[in-house]
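These are my notebook entries on one structure. I record what I looked up and the criteria that I applied.

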Amino acid sequence: MRRPSPTGRPGTGGRAPRPRAEQAEQLGFEGMPERLFVCTPSKLGAYADCPRRYRYSYVDRPAPPKGPPWAHNSLGASVHTALKNWYALAPERRRPEALATLLRGTWVREGYRDDAQERDAYRRALAWLESYVAGLEPGDEPVGVERVVAVRTGVLAFNGRADRIDSRPGEDGPELVIVDYKTGRTGLDADDARGSQALALYAYAAERVFRRPCRRVELHHLPTGTVAAHEHTTESLARQVTRAEETARDIIAAERAVADGADPDEAFPTTPGPRCGWCDYRRTCPTGAQTPGKDPWAAVERVADQD
């Protein structure tokens, strides 16, 4: 049995405890690798859209108050969760008739103009889902549904939640496909799928997690029933990873500048534009406050007009 030391602490076998100063000095010696930047697609996207919005979301503590919830976020979350729960059913129960119960159980009510708009949004969402699952094979089991994939590079510790990861036949065996559900704006095409950094990072991470090729990414637009797809190459995925790493380095530099006493507004400037009207922090941001704000239900109203 280890005997207590004269100070009442457990003995160290005769070895003197290392001084705290020496420990601290060793933790900071030159040549240590940089800490990886922990990120998600949302985090990278926030900075790419507007560095000031990134600061309000991830740097300032306490974070500034957000505006009211958005109806289009409520609608999208409801549809995504209903599809997740549809795949959680046994294959013999994956029938269109189950969708009304699933959607009702996941329905998010926030942000709508009134009860009438909410009821209309529910009816349209249910119709989208019924049409969408009619084209699915109930017995097909995705590799992942709402599946978190993660990967590390020399700069990033990335993790993200893919809506769905399918396995499909390829030239040299099974290949993975990233599927992302969309319920918003129409007109999505192959360029949207090709340019999506989030989809590319999901594919890059999924290929390493599952050790299977993953090059195809798809945007499934439920309101129109259309699919926008792109076939990545090793080189195009690498370019998207490099782009993400460059964004991470910019964020790290801005955060260090603020820590060293720089003006936060200069380190994290605004990117004025149409997005300001949709920003959660429009009322806090001096630049955003000059832009007329959108009603919380405006995007849902626009989708209804496009139907």
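Is arginine 168 buried, partly exposed or exposed? I find arginine 168 partly exposed, at 27% relative accessibility; buried means under 20% relative accessible area, exposed over 50%, and partly exposed in between (1.4 Å probe, protein chains only).

**Entry 1. Basis of the model**

I note that this is a predicted model, in which local features need pLDDT of at least 70 and side-chain atom pairs count only at pLDDT 80 or more, while totals for chains, interfaces and linings use all residues. Residues are numbered from 1 along each chain as its sequence is written, and side-chain values use heavy atoms, with hydrogens and water left out.

**Entry 2. Salt bridges**

I looked up the salt bridges and found 21 in the structure; the criterion is a side-chain nitrogen of Lys or Arg within 4 Å of a carboxyl oxygen of Asp or Glu. Arginine 168 forms one with aspartate 166, at 3.1 Å from N to O. Aspartate 166 is buried, with a relative accessible area of 11%.

I then checked glutamate 218, which forms a salt bridge with arginine 216, the closest N and O atoms being 2.6 Å apart. Glutamate 218 is buried at 4% relative accessible area, whereas arginine 216 is partly exposed at 26%. Both pairs belong to a salt-bridge network that links Arg164, Asp166, Arg168, Arg216, Glu218 and Glu231.

Which residue forms a salt bridge with aspartate 49? I find arginine 275, with the closest N and O atoms 3.6 Å apart. Aspartate 49 lies in helix α2 and arginine 275 in the loop between α10 (264-267) and α11 (298-306), so the pair ties together parts that are 226 residues apart in sequence. Helices (H or I, at least four residues) and strands (E, at least two) are DSSP runs, numbered from the N terminus. Aspartate 49 is partly exposed, with a relative accessible area of 24%, and arginine 275 is exposed, with 56%.

**Entry 3. Strand β5 and its neighbours**

I examined β5 and noted that six of its eight residues are buried. β5 runs parallel to β4, joined to it by seven bridges; two strands pair if DSSP finds at least two bridges between them. In this pairing, valine 177 stands opposite arginine 216 in β5.

β5 also pairs with strand β6 (residues 226-231), in the antiparallel sense and over six bridges. Here glutamate 218 stands opposite alanine 229 in β6. The hairpin of β5 and β6 has four residues between the strands, and glycine 225 takes a positive phi near 70 degrees in it.

**Entry 4. Nonpolar cores**

Which residues touch the most other members of the largest nonpolar core? I find Phe37 and Ile178, in a core of 37 residues. A nonpolar core is a set of buried Ala, Val, Leu, Ile, Met, Phe, Trp, Tyr and Cys residues joined through side-chain atoms within 4.5 Å. The elements that give two or more residues to this core include β1 (37-39), β4 (173-182), α8 (197-210) and β5 (214-221). The largest share, eight residues, comes from α8.

I listed the contacts of isoleucine 178 (heavy atoms within 4.5 Å), leaving out residues up to four places away in sequence; among them are Arg164, Leu199, Tyr202, Cys214, Arg216 and Glu218.

The structure holds zero disulfides, the criterion being a pair of cysteine sulfur atoms within 2.5 Å.

**Entry 5. Aromatic pairs**

I found eleven aromatic pairs. Rings of Phe, Tyr and Trp (its six-membered ring) pair if their centres lie within 6.5 Å; planes under 30 degrees apart count as stacked, over 60 as edge-to-face and the rest as tilted.

Tryptophan 70 and tryptophan 278 form a tilted pair, 5.5 Å centre to centre with 45 degrees between the planes. These two residues are 208 apart, tryptophan 70 in the loop between α3 (51-59) and α4 (71-88) and tryptophan 278 in the loop between α10 and α11. Tryptophan 70 is buried at 11%, and tryptophan 278 is partly exposed at 26%.

The rings of tryptophan 107 and tyrosine 112 have centres 5.9 Å apart and planes at 10 degrees, so I record the pair as stacked. Both residues are buried. Finally, I note a cluster in which ring pairs link Tyr47, Tyr54, Tyr58 and Phe268.
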